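Here are a few notes to read alongside the model. Take them in order, with the structure open next to you.

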Amino acid sequence: INEFTQDFEELSTAAAKQHGLKKAMGNMKVDWEPLEFLTAERNGVPLLRGIDEIQTVLDDHISKTQAIRSSPFCKPFEEEVHACEATLMYIQDFIDQVIALQR
């Protein structure tokens, strides 16, 4: 057993890092639960409003997702990370287009 101690330590470290990344992904999903897009009507037209909090969370999560994606320890759930990043980028594009349209 002593001859495999270093192997066990490396595996344990890798598993702990994978778990941390997976947990961070889960926490990001929880962060979105209380958030919602709100509208306010102006001249009979509903406009997107109050997106500062959403934009802050979105920017933070895009950065975190890109950091997770760049980690070699995300391989077991790499598809989930890519899907999450694509969704976040889609939301960012949506917000950008809506804001441009509302100007």
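1. A word on terms before we start: a residue counts as exposed when its relative accessible area is over 50%, as buried when it is under 20%, and as partly exposed in between. K75, at 58% relative accessibility, therefore counts as exposed. Do keep in mind that this is a predicted model.

2. K75 also has a partner: its side chain meets that of E78 in a salt bridge, 3.5 Å from N to O. E78 comes out at 26% relative accessibility, so it is partly exposed.

3. How many salt bridges are there by the rule used here? The count comes to five. The general idea is that side chains of opposite charge can pair when their charged atoms come close.

4. Have a look at K22 and E80, whose side chains form a salt bridge at 2.5 Å, N to O. K22 sits in helix α1 and E80 in helix α3, so this pair ties together parts that are 58 residues apart in sequence. Both ends are partly exposed, K22 at 39% relative accessibility and E80 at 24%.

5. E80 meets K29 in a salt bridge as well, at 3.1 Å from N to O. Here too distant parts of the chain are linked, with E80 in helix α3 and K29 in helix α1, 51 residues apart. K29 is partly exposed at 48% relative accessibility. Put together, K22, K29 and E80 are linked in a network of salt bridges.

6. On to the aromatic rings, where the count comes to one pair. The rings belong to F37 and F94: their centres are 5.7 Å apart and their planes stand at 80°, so the pair is edge-to-face. F37 lies in the loop between α1 and β1 (38-42), while F94 is in helix α3 (residues 78-102), so the pair ties together parts that are 57 residues apart in sequence. F37 is partly exposed, at 36% relative accessible area, and F94 is partly exposed too, at 38%.

7. Which residues make up the nonpolar patch on the surface? They are F4, F8 and L11, with about 340 Å² of accessible area together. F8 belongs to helix α1 and is exposed, with a relative accessible area of 51%.

8. Last, Q18 is another residue of helix α1, and it is partly exposed at 28% relative accessible area. From Q18 to W32 you go 14 residues in sequence and 22 Å in space, C-alpha to C-alpha.

How values were computed
Residues are numbered from 1 along each chain as its sequence is written. This is a predicted model: local features need pLDDT of at least 70, side-chain atom pairs count only at pLDDT 80 or more; totals for chains, interfaces and linings use all residues. Side-chain values use heavy atoms; hydrogens and water are left out. Rings of Phe, Tyr and Trp (its six-membered ring) pair if their centres lie within 6.5 Å; planes under 30 degrees apart count as stacked, over 60 as edge-to-face and the rest as tilted. Helices (H or I, at least four residues) and strands (E, at least two) are DSSP runs, numbered from the N terminus. Buried means under 20% relative accessible area, exposed over 50%, partly exposed in between (1.4 Å probe, protein chains only). Patches are made of residues with over 30% relative accessible area and no salt bridge: like charges are joined within 9 Å, nonpolar side chains (Val, Leu, Ile, Met, Phe, Trp, Tyr) within 5 Å. Accessible areas come from the Shrake-Rupley method with a 1.4 Å probe; for residues, only the protein chains shown count as cover. A salt bridge is a side-chain nitrogen of Lys or Arg within 4 Å of a carboxyl oxygen of Asp or Glu.
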